[in-house]
Amino acid sequence: MIYDEYLTTAELQRWILEVDVAWNDIDREKALSQPELLDQMHDSALIESYFPLYTTNLLRAMWDQVDVTSVFSIQLYESYKHFYVLNRYLNSVNYRPVSDAELVAAREKNRDTVVTDPIAELARYMISEHFAAYFFLRASRQAKEPVLARINAFIAKDEFRHAQFAFDLLEPRVRSDAGARRRCMEAGLHFRHVGSDVVEVPISEKNDIQAILTLDQKMHRLCGTGLSEFAKAEMHVSH
């Protein structure tokens, strides 16, 4: 079962808040020298805080899919851990920590969301985590403050793993179902980052060539065609 493998991998890669994050070594002056990056951390924390609601909505639509519900139980813990560590960091440097009011407001505008196509939503989640992984990897390299750099590197590893487990969940569902494959490709073609449910600008860059190319390869492995090929085919059909 996928849960066994995923749980083992998650446990082997787990980082511990009070052991692996050197909270007492935070250099506040260095952190505050990059306010734009800290603003991105604020938005990232807010997005991660949304996952209790987002995951609940997705799992309500897939309540009878044992593999999905079991694996997402780990994902939910890790995503909220990301919120906690980022927000604790923002509190430590006294720069725009997410308030409870912000958190509730973000949830409130999505509280009535109903997932009508769980396959497409799972594909959207996979792609969002893919771009999030590259975002945090990039942030880990941009951060001048060493503790923040380390936090972002930890989160990037988790996000790469989340994208992979979503791929693994989708694979058997699209293997023999042309309709499911098409819905995955359409989710990629008309992609809207999960983070855009919460903040105006999702944490991904349109010119992030490496992330875009590796996503195209991932979709090709999953569905037998890349997004660029699918887009060309769709344009041909529409004409």
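**Exercise 1. Which residues have the most contacts inside the largest nonpolar core?**

Step 1: the largest nonpolar core has 77 residues. Such a core is a set of buried Ala, Val, Leu, Ile, Met, Phe, Trp, Tyr and Cys residues joined through side-chain atoms within 4.5 Å, where buried means under 20% relative accessible area with a 1.4 Å probe, protein chains only.

Step 2: Phe 72, Val 85, Tyr 89 and Ile 151 have the most contacts inside this core.

A note before we go on: this is a predicted model, in which local features need pLDDT of at least 70 and side-chain atom pairs count only at pLDDT 80 or more, while totals for chains, interfaces and linings use all residues. Residues are numbered from 1 along each chain as its sequence is written, and side-chain values use heavy atoms, with hydrogens and water left out.

**Exercise 2. What does Tyr 89 touch, not counting residues up to four places away in sequence?**

Taking contact as heavy atoms within 4.5 Å, look for Trp 23, Ile 26, Ala 31, Leu 38, Glu 145, Val 147, Leu 148 and Ile 151 around Tyr 89.

**Exercise 3. How is the aromatic pair of Tyr 6 and Phe 165 arranged?**

Step 1: rings of Phe, Tyr and Trp (its six-membered ring) pair if their centres lie within 6.5 Å; planes under 30 degrees apart count as stacked, over 60 as edge-to-face and the rest as tilted.

Step 2: at 4.8 Å centre to centre and 65° between the planes, Tyr 6 and Phe 165 are edge-to-face.

Step 3: both Tyr 6 and Phe 165 are buried.

Step 4: the two also belong to one aromatic cluster with Tyr 50, Phe 51, Tyr 54, Phe 72 and Tyr 125.

Conventions:
Buried < 20%, exposed > 50% of the residue type's maximum accessible area, 1.4 Å probe, protein only.
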